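Welcome, and thanks for opening the viewer.

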Amino acid sequence: MHDNPSPAAPRPLDQLERTIGDRAAQAEQSSSYTAKLLAAGVAKIGAKVTEEAAELVEAAAEPGTEGRTHFIYEAGDLLYHTLVLLRWRGVELAEVEAELARRFGVSGITEKESRAKHGS
Ligand SMILES: N=c1c2ncn([C@@H]3O[C@H](COP(=O)(O)OP(=O)(O)OP(=O)(O)O)[C@@H](O)[C@H]3O)c2ncn1[C@@H]1O[C@H](COP(=O)(O)O)[C@@H](O)[C@H]1O
């Protein structure tokens, strides 16, 4: 007899997206950084995304194992804040993944040329 395989654990990004969705739905904000950020709006969330992106780029230049660990930490901060911005905009991670999947097999150079043609 084989046991049924246990269902795969949700990916951390999916789990985090769900948590952010839960925080968006909760009225109480004082105990949740996410709820406070969402209530503050796009200017505040956008500023955090910009700040975390700059910190990630800065950490990329840090040498050694500690620098690598710091870089991963900063990447986590940026991904979290990006997911909060997606939530604020009402966009699901799956929609971004679909956009990335759509680009599979399309050279970045070809895609850039088509952007130039369409003015985007
Ligand atoms: N992954 C994260 C996460 N990453 C970073 N952060 C917060 O993002 C902030 C960014 O760091 P900064 O040093 O810039 O913080 P800061 O100066 O206090 O921020 P500001 O005052 O500028 O807003 C810190 O407060 C971090 O704690 C996060 N906060 C929450 N999560 C996840 O969201 C879940 C829900 O959190 P709450 O909404 O707080 O319950 C948590 O369990 C985590 O899984």
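Start with the domains: the chain is assigned domain 1 (40-89) and domain 2 (92-120), with bounds that come from an automatic or database domain assignment. Colour the two separately; the C-alpha centres of domain 1 and domain 2 lie 23 Å apart.

Two notes before you go on. Residues are numbered from 1 along each chain as its sequence is written. This is a predicted model, where local features need pLDDT of at least 70 and side-chain atom pairs count only at pLDDT 80 or more, while totals for chains, interfaces and linings use all residues.

**Stop 1: H3 and H4**

Select helix H3 (residues 42-60) and helix H4 (64-89). Helices (H or I, at least four residues) are DSSP runs, numbered from the N terminus. H3 and H4 pack at about 160 degrees with axes 8 Å apart; axes are lines fitted to C-alpha atoms over the stretch in contact, and angles run from 0 to 180 degrees between N-to-C directions. H3 is therefore roughly antiparallel to H4, a word used for angles over 145 degrees. Their crossing is left-handed, that is, the near helix is turned anticlockwise from the far one by less than a right angle.

Now show side chains. Among the contact residues are Val49, Leu56 and Ala60 of H3 and Phe71, Leu78 and Trp88 of H4, where contact means C-beta atoms, placed from the backbone, within 7 Å. This contact has 13 nonpolar, 5 polar and 5 charged residues. Ala, Val, Leu, Ile, Met, Phe, Trp, Tyr, Cys and Pro count as nonpolar, Asp, Glu, Lys and Arg as charged, and the others, Gly among them, as polar.

**Stop 2: H1 against H4**

Pick Leu16, Glu17, Ile20, Gly21 and Ala24 in H1, which meet Tyr80, Leu83, Val84 and Arg87 in H4.

**Stop 3: the ligand**

Which residues are around the ligand? Select Leu16, Thr19, Arg23, Ser32, Tyr33, Thr34, Ala35, Lys48, Asp77 and Tyr80, each with its C-beta atom, placed from the backbone, within 6 Å of the ligand. By class, the shell has 4 nonpolar, 3 polar and 3 charged residues.

Terms used. Helices (H or I, at least four residues) and strands (E, at least two) are DSSP runs, numbered from the N terminus. Angles under 35 degrees count as roughly parallel, over 145 as roughly antiparallel, 65 to 115 as roughly perpendicular and the rest as oblique. Two residues are in contact if their C-beta atoms, placed from the backbone, lie within 7 Å.
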